[in-house]
Amino acid sequence: MNVRAMAAKVIFQVVDQGQSLTAVLPKAQQQIADRDGALLQEICYGVLRWLPRLEAITQSLMEKPLTGKQRVFHHLILVGLYQLNYMRVPAHAAVAETVNATKPLKKPQLRGLVNAVLRNYQREQDALNEKAISHDAGRYGHPGWLLKLLQNAYPDSWQQIVDSNHQKAPMWLRVNSTHHSRDEYLNLLNAEGIEGDPHPEAHDAIRLASPCDVTKLPGFEKGWVSVQDAAAQLSVNYLQPQAGELILDCCAAPGGKTCHILEHQPDAKVVAIDADANRLTRVEENLSRLNLNADVICGDARSPDKWWQGEDFDRILLDAPCSATGVIRRHPDIKWLRRADDIEQLVTLQAEIFDAMWQKLKRGGTLVYATCSVTPQENAEQVKAFLARHDDAELHTGDAENPGRQILPGQDDMDGFYYAVLQKQA
């Protein structure tokens, strides 16, 4: 399959059909040559980062939109425009390859249309680009509701967040401390010609100078190292798991934090729960590769009595379902799959899980509330509301006015993340 044709199909599935890029892209990469996998990812990520700008240009160049069975060719035009605007592909090659993609998409009669639109763009590029950024969505590459939310929540730094969301995320590694110290593993990387830097706060984290295939990482198949953003690795800093404790990782899939807890404290008894049975297979796979053991349970976190009949937990990591607005640089489709009213629904769900988990925490126990979101409604405001409902909860991060810790996208090159540590009074 022509890479541009496949990119058009992927973007169509995400934008028009509402499917997740995380689900669609790997399947698409299996249908093209291995050497083209990175190019497909670059095009898909790029188009989704700058979708409103590319849409505005397309609208200016076409008398009427493509609909129905021709809709995928609208996205093929976006693919061509992205290459001409943002990639180092020679313009003639970008146009020719995009036009050629009409054949595998089985509409060669649209070859002339695609060619004309891209050629006209080349002739009027500066004027069309200027027009495309004359409105906020085109200029900032975010939907209006999300841009407004960021501006209201972060009046002094919203533009920094927007800019960070457009950057390519680094590849962070988590060193399995049961095998090597971080410094020892850095030496192993250097011996393979792979450059990396340690994180100042996440003690097992290494940022690679450039991403690489995991098969090139020393001992990956032996469980020496995993891929996980540094912000997510901070969960063990806040959870502080101890030997012999009963610990729950709530909403655990795909299992990175579950495994990190066990790497950090092999003598803890860890239970991992998630409502999605399919995603729990990832937890099992990660545990198996790392040779770790946890009780993996499929269940609704709002109804713990249906899946847990044991004693209360010493510590709970509640990595709550959230808008994922802190990881847009890794998942640009989030901007277009989320809706403004999703936030309110998520806040309600989070509060229900929060209350249910608190009931399963021992007196004197610790609960870490975490999200990969940057919306105050899901984070600081959620924790404030929780503290107002529970007199037996003590906040151990931040203060009453600003509970928890909000990490913004790009801070120390991390994803956006939120943590709040609460202790149940003895």
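Q: Which elements each supply at least two residues of the lining of the second largest pocket?
A: They are helix 19 and strand 11 (405-407). Helices (H or I, at least four residues) and strands (E, at least two) are DSSP runs, numbered from the N terminus. This is a predicted model, in which local features need pLDDT of at least 70, side-chain atom pairs count only at pLDDT 80 or more, and totals for chains, interfaces and linings use all residues.

Q: Why do the buried residues of helix 19 count as lining one face?
A: Let's start with who they are: Q382, V383 and F386 are the buried residues of helix 19 (residues 380-389). Seen down the helix axis, they fall within an arc of 95 degrees, so they line one face. The arc is that of the directions from the helix axis to the C-beta atoms. A handy rule: an α-helix has 3.6 residues a turn, so residues three or four places apart point the same way.

Q: What covers the buried residues of helix 19?
A: The cover includes helix 18 (340-359), strand 9 (361-371), strand 10 (393-395) and strand 12 (417-424).

Q: Why is C372 called buried?
A: Its relative accessible area is 19%, and buried means under 20% (exposed is over 50%, partly exposed in between; 1.4 Å probe, protein chains only). C372 is therefore buried. UniProt, in an unreviewed entry, annotates C372 as "active site"; such annotations may be inferred rather than shown by experiment. You will find C372 in the loop between strand 9 and helix 19.

Q: What makes C251 count as buried?
A: C251 has 15% relative accessibility, so it counts as buried. This residue sits in the loop between strand 5 (246-250) and helix 15 (256-264). UniProt's unreviewed entry lists C251 under "binding site", with D319 also among the positions.

Q: How do you know which residues D319 is in contact with?
A: Contact means heavy atoms within 4.5 Å. Leaving aside neighbours within four places in sequence, D319 is in contact with C250, C251, K257, A370 and T371. D319 lies in strand 8 (residues 313-319) and, at 15% relative accessibility, counts as buried.

How values were computed. Residues are numbered from 1 along each chain as its sequence is written. Side-chain values use heavy atoms; hydrogens and water are left out.
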